[in-house]
Amino acid sequence: MENKIEITTTHGQSRSQIREHIFKLVYTMGFYPGEEKPEQAQLYFEQVPDEEIPNPPAFSTDDEREYIRVKAQAVLDKAAELDEAIGAVAKGWKTTRMPKTDLAILRLALYEIRFDEEIPDGVAINEAVELAKRYGSDASPAFINGILARFTKEEKKQAESSGDAAKA
C-alpha cells in the first residue's frame, strides 16, 4: 500500500472488522463529490455506537481510525483504474449499472489484490465474499467471487506471459 500505516489489532478490532469499516467508508464516500469526502469521512468517525447497527464504528485506537481513513481514500483515489479492471472481467456488466454495494466491495478487494502486498489474494477474495453476504443481495456473493476469480486468473496469465517474454 502506498501510504503504509502499521496497525495493531491485539487490543482493537480484528482485521475483518477494520476491513468492514473501510468498505462502509468507501461505499458512503462514493455518493459525495470530492470536496465533501473529507467531511463525510469525519462524520463517519463521529457516529455514536448504536446497538442496532452491526459493527458500529467504535474505534479502539487512533491508528485504526487513520488506517481506515487512509486506505478508504487510497481505494477512492484508484477508483477509475479499479473500475476499468472490473469492467474488463465483468462480462456483460458496466460498473455504472452494478449495485453500489457490490461495486464498493469489488473496489476494496481489487485494491487489496493489486496494491496491498500484505494481504494475500485469497484473503481479499474471501473477505469480499463475506462482506457481500452481509451487505449485498442474494446474488452478490457469487457475483463478486466470480469477478474476483476471473480477475486473479487474468492477472496470473499476464504475469506468466510477462515472465515468458522476459525469458525470451
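Author: Let's start inside: the largest cavity here has a volume of about 50 Å³. This is a predicted model, so local features need pLDDT of at least 70 and side-chain atom pairs 80 or more, while totals for chains, interfaces and linings use all residues. Residues are numbered from 1 along each chain as its sequence is written, and side-chain values use heavy atoms, with hydrogens and water left out.

Reader: Okay, what is a cavity, and how is a pocket different from it?

Author: Rolling a probe the size of a water molecule over the atoms shows where empty space is left. On a 1 Å grid over the protein atoms alone, a cavity is a set of points where a 1.4 Å probe fits but cannot get out; a pocket is an open set with protein on both sides within 12 Å along at least five of seven lines. Lining residues have an atom within 4 Å of a point. Points are joined across faces, edges and corners, and the volume is the space filled by probe spheres set on them. In this model, the count is 1 cavity of 30 Å³ or more.

Reader: Which residues line the largest cavity?

Author: Arg15, Ile18, Arg19, Ile22, Tyr67, Lys71, Glu112 and Ile119. They split into 4 nonpolar, no polar and 4 charged. (Nonpolar is Ala, Val, Leu, Ile, Met, Phe, Trp, Tyr, Cys and Pro; charged is Asp, Glu, Lys and Arg; the others, Gly among them, are polar.) Helix α1 gives the largest share of this lining, 4 residues, and α1 and α3 each supply at least two.

Reader: How many helices and strands are there?

Author: Helices (H or I, at least four residues) and strands (E, at least two) are DSSP runs numbered from the N terminus. This protein has 7 helices and 0 strands.

Reader: How do I check the length of α3 against what it should span?

Author: Multiply 1.5 Å by one less than the number of residues. Helix α3, residues 62-77, has 16 residues, so it should span 22 Å; its end C-alpha atoms are 22 Å apart, which agrees.

Reader: Which parts of α3 are buried?

Author: Buried means under 20% relative accessible area, exposed over 50%, and partly exposed in between (1.4 Å probe, protein chains only). In α3, the buried residues include Glu64, Tyr67, Ile68 and Lys71. The buried residues of this helix pack against α1 (15-29), α2 (37-45), α4 (79-89) and α5 (100-115). Across the protein, buried residues make up 42% of the 168 residues.

Reader: Is Asp83 buried or exposed?

Author: Asp83, in helix α4, is buried, with a relative accessible area of 16%. Contact means heavy atoms within 4.5 Å. Leaving aside neighbours within four places in sequence, Asp83 is in contact with Thr95, Leu103 and Arg107.

Reader: What does Glu127 touch, beyond residues up to four places away in sequence?

Author: Glu127 sits in helix α6 (residues 121-135) and touches Ser16 and Arg19. Glu127 and Ser16 are 111 residues apart along the chain, yet their C-alpha atoms are separated by 7.1 Å. For the whole protein, 71% of the contacts with a separation of 6 or more join residues 24 or more positions apart.

Reader: And how much space lies in the largest pocket?

Author: About 200 Å³. The elements giving two or more residues to its lining are α4 and α7 (140-167). Among the lining residues are Glu81, Glu84, Arg150, Phe151 and Gln158. The lining divides into 4 nonpolar, 1 polar and 7 charged residues.
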